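Welcome! Here is a short tour for anyone who likes to look at side chains up close. Please have the viewer open as you read.

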Amino acid sequence: EVKIDLIFCDVNMPEMDGISFVKEFRKDDKFTPVLILTTESEEDKIKEGKTAGASGWMIKPFKPADLVAVVEKLIR
């Protein structure tokens, strides 16, 4: 069995957008953190992601140290 500690996704992905992915993923897994890394910065889109169950939202580009800090917070 594979244990997943954290999932990264984007809002803009082929086949299924990131918010739809989070909604589907949350049907089976309520606990694994999902971090959305995207260029989307509209407040409505961020709220939609949080409502879907995203654990965090980072707007690209970002500094590597900021990503590390968020990952450390999410996988405690």
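Which side chains does a polar contact of 2.9 Å join? Keep in mind that the model is predicted.

## Asp10 and its polar contacts

The 2.9 Å contact runs between the side chains of Asp10 and Lys60. The side chain of Asp10 also reaches a backbone atom, the nitrogen of Asn12, at 3.3 Å.

To find Asp10, look in the loop that lies between β1 (7-9) and α1. Is Asp10 buried or exposed? Its relative accessibility is 16%, so Asp10 counts as buried, the cut-off for that being under 20%.

## Who surrounds Asp10

Set aside the neighbours within four places in sequence, and Asp10 is in contact with Asp17, Gly18, Ile36, Leu37, Thr38 and Lys60.

Now for the rings: the structure holds one aromatic pair. Phe21 and Phe25 count as stacked because their ring planes are at 20°, and the cut-off for stacking is under 30 degrees. The ring centres are 5.7 Å apart.

Both residues of the pair, Phe21 and Phe25, belong to helix α1 (residues 18-28). They sit four residues apart, which is about one turn of the helix.

Definitions and conventions
Residues are numbered from 1 along each chain as its sequence is written. This is a predicted model: local features need pLDDT of at least 70, side-chain atom pairs count only at pLDDT 80 or more; totals for chains, interfaces and linings use all residues. Side-chain values use heavy atoms; hydrogens and water are left out. Rings of Phe, Tyr and Trp (its six-membered ring) pair if their centres lie within 6.5 Å; planes under 30 degrees apart count as stacked, over 60 as edge-to-face and the rest as tilted. Helices (H or I, at least four residues) and strands (E, at least two) are DSSP runs, numbered from the N terminus. Buried means under 20% relative accessible area, exposed over 50%, partly exposed in between (1.4 Å probe, protein chains only). A polar contact is a pair of N or O atoms within 3.5 Å; within protein, one must be able to donate a hydrogen and the other to accept it, and residues adjacent in sequence count only if both atoms are side-chain atoms. Contact means heavy atoms within 4.5 Å.
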